[in-house]
Number of protein chains: 6
Amino acid sequence: MKKIAVFPGSFDPITRGHESIVLRARNLFDGVIVAVGQNAEKNYFFPLQRRMEWISEVFPDDPAIRVESYQGLTVDFCRQQGALFIVRGLRTSADFEFERSIGQINRQIYPGLETIFLLATPEFSALNSSIVRDIIRNNGDPRPFIPEAIHKDFV
Amino acid sequence: MKKIAVFPGSFDPITRGHESIVLRARNLFDGVIVAVGQNAEKNYFFPLQRRMEWISEVFPDDPAIRVESYQGLTVDFCRQQGALFIVRGLRTSADFEFERSIGQINRQIYPGLETIFLLATPEFSALNSSIVRDIIRNNGDPRPFIPEAIHKDFV
Amino acid sequence: MKKIAVFPGSFDPITRGHESIVLRARNLFDGVIVAVGQNAEKNYFFPLQRRMEWISEVFPDDPAIRVESYQGLTVDFCRQQGALFIVRGLRTSADFEFERSIGQINRQIYPGLETIFLLATPEFSALNSSIVRDIIRNNGDPRPFIPEAIHKDFV
Amino acid sequence: MKKIAVFPGSFDPITRGHESIVLRARNLFDGVIVAVGQNAEKNYFFPLQRRMEWISEVFPDDPAIRVESYQGLTVDFCRQQGALFIVRGLRTSADFEFERSIGQINRQIYPGLETIFLLATPEFSALNSSIVRDIIRNNGDPRPFIPEAIHKDFV
Amino acid sequence: MKKIAVFPGSFDPITRGHESIVLRARNLFDGVIVAVGQNAEKNYFFPLQRRMEWISEVFPDDPAIRVESYQGLTVDFCRQQGALFIVRGLRTSADFEFERSIGQINRQIYPGLETIFLLATPEFSALNSSIVRDIIRNNGDPRPFIPEAIHKDFV
Amino acid sequence: MKKIAVFPGSFDPITRGHESIVLRARNLFDGVIVAVGQNAEKNYFFPLQRRMEWISEVFPDDPAIRVESYQGLTVDFCRQQGALFIVRGLRTSADFEFERSIGQINRQIYPGLETIFLLATPEFSALNSSIVRDIIRNNGDPRPFIPEAIHKDFV
């Protein structure tokens, strides 16, 4: 049976930290689904379509990396996709505390589901999409923090 | 003098984690007041009346467990009720950092007031009302996470 | 070359914790700029003018302590001011995790910039502006938590 | 039934932080047993007899505060004493993580046993016996950190 | 290419927490090597031979789970075994901070090596071998905390 | 008055993380004293003389960076040296919790003394002398982790 992992997030926008997690998860799983959450009650900086296109441009050639959007609970999306793994990056112990709660609850709802954690690489350990948005909003240069493949859209 | 503890929160809705804290605090105090905060600037998922009824249904038979609503500072509510203790559950070290700040400030405002902490039991250490609301909002089944006495309202 | 530090924040309102950091940073630097952030997307409790006046009243006599407002990225403000240091207070490990991310990103954007941390003194380690606002909103007495020089405005 | 709490530790030596926890626990329980652990594999700075005498001198008049020594598991000592509560002080989130593990294991071994946590008061939040020993060893003055009743022995 | 993971530790003795990590890692990897560290400068409670036998008894039937001992750096052992993954369990944020340091250093020494983290299940989140040894040393019953397959040796 | 900072530690041996802190502290202070603790009860891997020579070789040309050894309390050493500042690097929130305790106690013993914290740069955030010693002990190559100026002694 193929080992499929879901990597859920807002990706608003995708960062170099996200890129690193996907590429390293790819070494571990037969397929990685980058799952872009779309939550009616949340305001996003970039529209869903844009966020998905960027992810596709970052991983253009590997058919085992797919981009999907989803609504509702992440566990339900995993079930639909036949995925038994969620993959998440850990940067700080605050991340860990948060992810532990989500991971434990997910396991109670869907007992077969396992959450796998990878370490953020040190140079991206401070990075998140909210910082990138803040830089964009204030006319700074976000390119050091986003994947090279999409630099062209942030000149 | 009777030892009365206030257990403050939003209880939006009450979880099995809350239930466990109240029952265990009951072993320690002569009376426990479950104090449902009502903050004009906050949006609640369930109306105050509903949140209070559910708590009453969870603890129907023990006159030493009372449900009250309050507005304003928790310390002022404690003073009105003649309560010298606040009781809180601790799940994670993030909880602890937050509660420590609140507890220290409360003690500066009302020097006689003591905050008592109980550990969340391991099986509820990942649980909070926000996760329960998220499950409800997405048509999941929240019953594993809420007290049995009110399961009938979540079919 | 003069050593200038920027102490950025919302100061909504200035607390005794802020006051302590500024006075202690003053022992270390030739000049300290208390930099009041003004973010179009954020709602403040007190208007910018009021927040700045209070800071001026707290440090009336030392020409090396200046109050300024700024918009945009803190690193850009530091550059404009010729400041090579940011100073921040640390209360809890949650503070630390947050500040570490900001400090690392700032250093990537502006390599010469160094963030310097001072410890909150124990009696203020629980204090923040949000707690002060909460007390004011609920008709409590915030004076134990704000600098003496501005007590007159909180009777 | 009387509510008896055990406050276990090495008390090598007792600090002002310990003193504060005992006095505040006394407001909550009918009796507090200060339980001085004696572990054959551990080296203590002060002999057991001395550590116990000092505690007795700190709480001379309250028959509800007793000093006892014990060997073996703390849960076994609680059972022998008919104590259903352990009381512990929390200073930092590192304390919390450590205490949570011990508290959960204790509860698995002795299901009726509840661990109750009090916050270290801010001025003692940095204090522990190891720091006091270090000061003594280096001919510093430990008196600011130990209870007044035993200052006479540290001139 | 086969995906082999090393699960390094002292296993002094193996706990139910370890057992859970191995079984769940088994779902993810083609092979799991339980690697029992033997460090000349460390005192162990149980001899190496005993610790290894117990692990073998816990996983008797799955040829993809192997027990090995090793000396020296874990990264060197991984290289010898052709393993590109280390697997570790995370219980607390203290665990996380420690593991992050080790994981980052390991990656600097052996760039292809990836550390994969699984969450301790809530009921084992307080458990470690040191607690088990403490129970044994004090004539308590360690069986709730060790794998069923080896209960016979702890009557 | 000159601003002198003490950077205390064991430096057993000095790492690239230490080197970075000293160089960055040098931008802030008029003088930095690298203070090598010598504690009779502690076993060091390298002798004091060796640890001090290495530090001297790392900072050969700047008369404002001095190496000294000391025994006893760090605060007493600061007093003797006329230093009003201690400088420390912060890598993790565990570091922070530890340093906060030491910093608060130091301030109670010597009220004029201020502890200043700098962030470990991300690439050294996992690094400490104990990891370096472990690599040396196991015949690994420690050079990526120690200052270039002393690589010649670790071939």
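Analyst: This is a predicted model, and in it chains A and E contribute to an open sheet of 10 strands with mixed pairing, in the order β3(A)-β2(A)-β1(A)-β4(A)-β5(A)-β5(E)-β4(E)-β1(E)-β2(E)-β3(E).

User: Which strands stand at the edges, each with a single partner strand?

Analyst: Those are β3 (65–70) of chain A and β3 (65–70) of chain E, and because each has a single partner strand, one side of each is left without a neighbour in the sheet. From one strand to the next, the twist averages 35°.

User: And how do β1 and β2 of chain A run in there?

Analyst: Strand β1 (residues 4–9) and strand β2 (residues 31–37) of chain A run parallel and are joined by 6 bridges; A:I4, for instance, has A:G31 in β2(A) as its bridge partner. Helix α3 (residues 74–81) of chain A packs on the sheet, where it touches β1, β2, β3 and β4 (85–90) of chain A, and its direction makes about 130° with that of β3(A).

User: OK, and what rotation superposes chain E on chain F?

Analyst: There the rotation is 120°, again with 0.0 Å of shift along its axis and an RMSD of 0.0 Å, and that is the relation of a three-fold axis. The C-alpha of chain E nearest that axis belongs to E:A94, at 4.2 Å from it.

User: Next, helix α4 of chain E: how far apart are its end C-alpha atoms?

Analyst: They are 24 Å apart, which agrees with the span of 24 Å that the 17 residues of this helix (residues 93–109) should have at 1.5 Å a residue. The buried residues of α4(E) include E:D95, E:F96, E:R100 and E:I105.

User: Back to strands, then. Is β5 of chain D mostly covered or mostly uncovered?

Analyst: Strand β5 (residues 114–119) of chain D is mostly covered, with 6 of its 6 residues buried. D:E114, D:I116 and D:L118 point one way from the strand, while D:T115, D:F117 and D:L119 point the other way, and all of them are buried. In a regular strand the side chains alternate between the two faces of the sheet.

User: Which strands are joined to β5(D)?

Analyst: One is strand β5 (residues 114–119) of chain B, which runs antiparallel to β5(D) and is joined to it by 3 bridges, with B:L118 standing opposite D:I116. Another is strand β4 (residues 85–90) of chain D, which runs parallel to β5(D) and is joined to it by 6 bridges, and here D:I86 stands opposite D:T115. Between β4(D) and β5(D) the chain crosses through helix α4 (residues 93–109) of chain D, and this β-α-β crossover is right-handed.

User: Where does D:D12 lie, and what does it touch?

Analyst: D:D12 lies in the loop between β1 (4–9) and α1 (16–26) of chain D. Its relative accessible area is 3%, and because the cut-off for buried is under 20%, D:D12 counts as buried. Not counting residues up to four places away in sequence, D:D12 touches D:Y44, D:F45, D:F46, D:R51, D:S129 and D:R133.

User: And C:I146, is that buried or exposed?

Analyst: C:I146 counts as buried, because its relative accessibility is 0%. C:I146 sits in the segment after α5 (129–137) of chain C, and, leaving aside neighbours within four places in sequence, its contacts include C:P13, C:I14, C:V132 and C:F154. C:F85 is 61 residues away from C:I146 in sequence, with 26 Å between their C-alpha atoms.

User: While we're on chain C, which strands does helix α1 lie across?

Analyst: Helix α1 (residues 16–26) of chain C lies across β1 (4–9), β2 (31–37), β3, β4 (85–90) and β5 (114–119) of chain C together with β5 (114–119) of chain F, and it runs at about 120° to β5(C).

Methods:
Residues are numbered from 1 along each chain as its sequence is written. Chains are lettered from A and ligands numbered from 1 in the order in which they are written. This is a predicted model: local features need pLDDT of at least 70, side-chain atom pairs count only at pLDDT 80 or more; totals for chains, interfaces and linings use all residues. Side-chain values use heavy atoms; hydrogens and water are left out. Helices (H or I, at least four residues) and strands (E, at least two) are DSSP runs, numbered from the N terminus. The expected span of a helix is 1.5 Å times one less than its number of residues. Buried means under 20% relative accessible area, exposed over 50%, partly exposed in between (1.4 Å probe, protein chains only). Two strands pair if DSSP finds at least two bridges between them. Axes are lines fitted to C-alpha atoms, for helices over the stretch in contact, and angles run from 0 to 180 degrees between N-to-C directions. Contact means heavy atoms within 4.5 Å. Copies are superposed by least squares on the C-alpha atoms of residues with pLDDT of at least 70 in both. A crossover is right-handed if, with the strands pointing away from the viewer, the path from the first strand over the helix to the second runs clockwise.
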